[in-house]
Amino acid sequence: MDLKQIFKTPNPIIGVVHLQPLPTSPRWGGNLKAIISRAEQEATALASGGANGIIVENFFDAPFAKDSVDPAVVSAMTLIVERLTNLVTLPIGINVLRNDAHSAIAIASCTGAQFIRVNVLTGVTATDQGLIEGQAHQLLRYRRELGSDVKILADVLVKHGRPLGSPNLTTAVSETIGRALADAVILSGWTTGSPPNLEDLELASAAAAGIPVFIGSGASWENISTLMRAADGVIVSSSLKRNGRIEQPIDPIRVSQFVEAARRGLVEKEENSQVNGAGHQASELGKVTSKIGKG
């Protein structure tokens with residue numbers, strides 16, 4: 001997955017548009033126009049604040065269907081994503097919660113969206129919706145049938161879930177990429193709003209062996225400069241909302257603050273890389289000089 005080709009940067013910041021309750025969800029309010037209007041406002045806030053991409057989620061449809069949403073949800077999300085693609089120039093992705101990856105890739109393929117997020121691509125995970133089985137086999141073949149190049153960003157040890165068995169992080173990352181053929185992996189904390197720790201991000205990045213690793217939850221302007229040292233990109237939502245409250249709309253000022261903090265982290269990452277590279281070169285030069293002296 002070429003992040004720079006899609007997002008115009010090798011280290012994208014992807015903001016989330018949390019859709020208000022959609023038709024057939026328990027809290028559906030009967031006003032689709034209002035939902036579209038808020039989605040447009042939030043997409044505009046993300047674009048003006050400096051985000052590099054947007055992902056659209058039916059976040060407020062909880063409690064979620066396990067693996068197949070109602071057709072009305074698919075229809076509404078398709079309509080909204082189409083509106084957003086005509087409003088902003090940022091690349092757009094889709095996450096159909098809880099794990100309807102087939103609907104997500106269908107919506108993306110029909111609207112020109114570039115990527116989807118899949119919470120459980122492989123393995124079996126115990127969640128509040130019950131046991132969810134990854135369907136990488138069916139999803140990858142469906143993508144081929146659609147003639148689509150939509151990228152698949154897959155969670156590893158996804159939040160709000162526990163894998164059956166006890167796979168370690170390195171194995172989970174390797175299998176999600178090598179056996180399930182994810183285009184990128186996402187690492188989050190255990191719940192919405194909780195970040196992964198730096199050590200786990202470093203392990204995931206090492207296991208990914210060049211495949212992009214995204215921070216999937218809990219990123220804030222206070223911690224992003226540290227977390228970005230071990231990740232390629234970030235998917236962020238809660239900390240961009242007004243007063244940091246999940247139910248509030250996105251605040252473009254908070255987006256700008258987050259983007260600035262993330263960029264500081266990337267500068268520090270690059271500086272550390274250069275220092276380490278110079279140190280390695282000096283060490284190698286020392287070894288050569290020592291050998292010459294002994295000769």
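Me: Against which elements do the buried residues of α4 pack, and what makes a contact here?

Reply: The buried residues of α4 pack against α3 (71-87), β3 (92-95), β4 (115-118) and α5 (136-146). Contact means heavy atoms within 4.5 Å. Helices (H or I, at least four residues) and strands (E, at least two) are DSSP runs, numbered from the N terminus. The model is predicted: local features need pLDDT of at least 70, side-chain atom pairs count only at pLDDT 80 or more, and totals for chains, interfaces and linings use all residues. Residues are numbered from 1 along each chain as its sequence is written, and side-chain values use heavy atoms, with hydrogens and water left out.

Me: Why is Ala108 called buried?

Reply: Buried means under 20% relative accessible area, exposed over 50%, and partly exposed in between (1.4 Å probe, protein chains only). Ala108 has a relative accessibility of 1%, and therefore counts as buried. Ala108 lies in helix α4 (residues 101-111). Leaving aside neighbours within four places in sequence, Ala108 is in contact with Ile94, Ala113, Ile116 and Val150.

Me: How do you know that α4 is mostly covered?

Reply: Of the 11 residues of α4, 8 are buried. Among them are Ala101, Ser103, Ile105 and Thr111. After α4 comes Gly112, with a positive phi near 85°.

Me: What makes a set of residues a nonpolar core, and which residues have the most contacts inside the largest one?

Reply: A nonpolar core is a set of buried Ala, Val, Leu, Ile, Met, Phe, Trp, Tyr and Cys residues joined through side-chain atoms within 4.5 Å. The largest has 71 residues, and Ile94 and Ile116 have the most contacts inside it. A second, separate core of 12 residues includes Ile14, Phe115, Ala184 and Phe214.

Me: Why is α6 called oblique to α7?

Reply: Helix α6 (residues 169-178) and helix α7 (residues 198-208) pack at an angle of about 40°, with axes 9 Å apart. Axes are lines fitted to C-alpha atoms, for helices over the stretch in contact, and angles run from 0 to 180 degrees between N-to-C directions. Angles under 35 degrees count as roughly parallel, over 145 as roughly antiparallel, 65 to 115 as roughly perpendicular and the rest as oblique. The angle of about 40° therefore makes α6 oblique to α7.

Me: Which residues of α6 and α7 meet?

Reply: Leu169, Thr170, Val173, Ser174 and Ile177 in α6 meet Asp200, Leu203, Ala204, Ala207 and Ala208 in α7.
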